[in-house]
Amino acid sequence: MELQQQTQIAELKKAMKKTKNHRIHKRYQAGYLHLSGYKIKEIAKIIGHTRTIIGSYVAAYRNTGIESLTPSKLDIGLNVHSCGKIGD
């Protein structure tokens, strides 16, 4: 395993331990498992998401790094909406 990959794995492990957000933890876990050699189909089964969703997490991580897995304004908006707090 090359040094860059080891650094990325360490970064994702640290992020998984630090976050309290279950959704974000799963995103970090998908990246971690992929870098550890798991196939997308296997990761989907472990995490409990579809291959399409896991594939999008992995592709985003490959293209942009860990920043692509962190919450976006859209995610925050969806969380607020799903809690029924819009318009309160």
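This is a predicted model: local features need pLDDT of at least 70, side-chain atom pairs count only at pLDDT 80 or more; totals for chains, interfaces and linings use all residues.
**Entry: Tyr28**
I started by looking up the neighbours of tyrosine 28. Setting aside residues up to four places away in sequence, I found that Tyr28 touches Leu12, Ala15, Met16, Thr19, Ile66, Leu69 and Thr70.

**Entry: the core**
Next I turned to the largest nonpolar core, which holds 18 residues, and Tyr28 came up again: along with Leu12 and Ile54, Tyr28 touches the most other members. I then checked which elements give two or more residues to this core, and they are helix 1 (3-18), helix 2 (22-35), helix 3 (40-47) and helix 4 (51-64). Helix 2 supplies the largest share, 5 residues. I jotted down a general point here: in soluble globular proteins, nonpolar side chains tend to be buried together.

**Entry: Ala30**
Staying in helix 2, I picked alanine 30. Is Ala30 buried or exposed? I count Ala30 as buried, because its relative accessible area is 0%, and the cut-off for buried is under 20%. Beyond its neighbours within four places in sequence, Ala30 is in contact with Ile43, Ile47, Ile54, Tyr57 and Val58. I also looked up Ile53: from Ala30 to Ile53 is 23 residues in sequence and 9.8 Å in space, C-alpha to C-alpha.

**Entry: the whole chain**
I counted 5 helices and 0 strands, in the order α-α-α-α-α from the N terminus. The chain has 88 residues, and 26% of them count as buried. Among contacts with a separation of 6 or more, 42% join residues 24 or more positions apart. I noted an accessible surface of about 6300 Å², with 55% belonging to carbon and sulfur atoms.

Terms used
Residues are numbered from 1 along each chain as its sequence is written. Side-chain values use heavy atoms; hydrogens and water are left out. A nonpolar core is a set of buried Ala, Val, Leu, Ile, Met, Phe, Trp, Tyr and Cys residues joined through side-chain atoms within 4.5 Å. Buried means under 20% relative accessible area, exposed over 50%, partly exposed in between (1.4 Å probe, protein chains only). Helices (H or I, at least four residues) and strands (E, at least two) are DSSP runs, numbered from the N terminus. Contact means heavy atoms within 4.5 Å. Accessible areas come from the Shrake-Rupley method with a 1.4 Å probe; for residues, only the protein chains shown count as cover.
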